[in-house]
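Work through the exercises below with the sequence and the structure open. Each task is followed by a solution in steps.

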Amino acid sequence: MLTPAIIVPRYIALVPAAGTGTRMGESLPKQYLELAGHPLLHHTLHRLATHPRIAGVFVVLAAGDTHFGAMAANGSADAVEPLYCGGDTRAASVYNGLVAIRDAVAGDDWVLVHDAARPCLSAAALDRLIDEVDESDAGGLLALPVADTLKREDDDRRVASTQARAGLWQAQTPQMFRYGFLVEALRRAGAADVTDEAGAIERIGLKPRLVMGEARNFKVTYPEDLELAKLILENS
Ligand code: CTP
Ligand code: MG
């Protein structure tokens, strides 16, 4: 007797890496700057590609990217599929990447969108995200409760007020959603000001789960961040 095939949703990583890194102030986009012996992007991709629960890794690059090829030729991007379809914003890059992989994924597969600029994500935090987001959840994201006291400025950059920080979290990545929901949410958000995937999912009325992130999973943004990322990578 034939038993019906049970199709288990897979975990797929999609890494937007089509930015220019203006705040870093270098001519080379920050994802290609040298960090602990490799391009920064190598670390990010390697962490995802070697994680046993991730079935595939896609990276979204700028259409005219000339740096990834050299990195791949050095064996630095094995098991990663490049997509040369980056957009003008992070949301557009993610949306274009999702559309480009439509034939390779099922609607129920989970897509973990992870910033190229977060090379220090630990395997433990990735496991926590996958473990804590339930089958019944809309999805979820790594995030950190705000630790510092928050001040609102006035026009003179003096303190106008102190904001309550209770219940506030800083969003990190990966952010993990069902492929079908995420494409539809980003399509509907269109040019609206969504800075992360969760924002698009919230706009369609769903509530992503907050999963405890980690300080080491910060986003490399300014020149001094490279030194901290190097220390972390060389000691882990
Ligand atoms: N990103 C992207 N496409 C864009 C803009 C950003 O794929 N049009 C990616 C970046 O490559 C990065 C991630 O989204 O991995 C997070 O964005 P951010 O840290 O802001 O990177 P940049 O936009 O490159 O940096 P900056 O804002 O300083 O210019
Ligand atoms: Mg940016």
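**Salt bridges and cores**

K230 has a relative accessibility of 32%, which makes K230 partly exposed. The model is predicted.

**Exercise 1.** Which parts of the chain does the salt bridge between R90 and E197 tie together?

*Solution.* 
Step 1. In this salt bridge the closest N and O atoms of R90 and E197 are 2.7 Å apart.
Step 2. R90 is in helix α3 (residues 90–100) and E197 is in helix α6 (residues 197–203), so the pair connects parts that lie 107 residues apart in sequence.
Step 3. Compare the accessibility of the partners. R90 has a relative accessible area of 25% and is partly exposed, whereas E197, at 1%, is buried.

**Exercise 2.** Are D115 and R118 buried or exposed, and to which network do they belong?

*Solution.* 
Step 1. The side chains of D115 and R118 form a salt bridge with an N to O distance of 3.0 Å.
Step 2. The cut-off for buried is under 20% relative accessible area. D115 is at 8% and R118 is at 9%, so both count as buried.
Step 3. D115 and R118 are linked with R90 and E197 in a network of salt bridges.
Step 4. The whole structure holds twelve salt bridges.

**Exercise 3.** Which residues touch the most other members of the largest nonpolar core, and which elements supply it?

*Solution.* 
Step 1. This core has 28 residues, and L41, L45, V59 and F68 touch the most other members.
Step 2. At least two core residues come from each of β1 (11–16), α1 (40–49), β4 (56–60), α2 (68–73), β6 (110–113) and α4 (123–132).
Step 3. With four residues, α4 contributes the most.
Step 4. Take L41 as a case. Beyond its neighbours within four places in sequence, L41 contacts V15, A17, Q31, Y32, V59, L61, F68, M71 and A116.
Step 5. A separate second core has 26 residues, among them F58, I101, L141 and L182.

Methods
Residues numbered from 1 in each chain as written. Chains lettered and ligands numbered in written order. Predicted model: local features only at pLDDT ≥ 70, side-chain atom pairs only at ≥ 80, totals over all residues. Heavy atoms only, no water. Core = buried A, V, L, I, M, F, W, Y, C linked by side-chain atoms within 4.5 Å. Buried < 20%, exposed > 50% of the residue type's maximum accessible area, 1.4 Å probe, protein only. Contact = heavy atoms within 4.5 Å. Salt bridge = Lys/Arg side-chain N within 4 Å of Asp/Glu carboxyl O.
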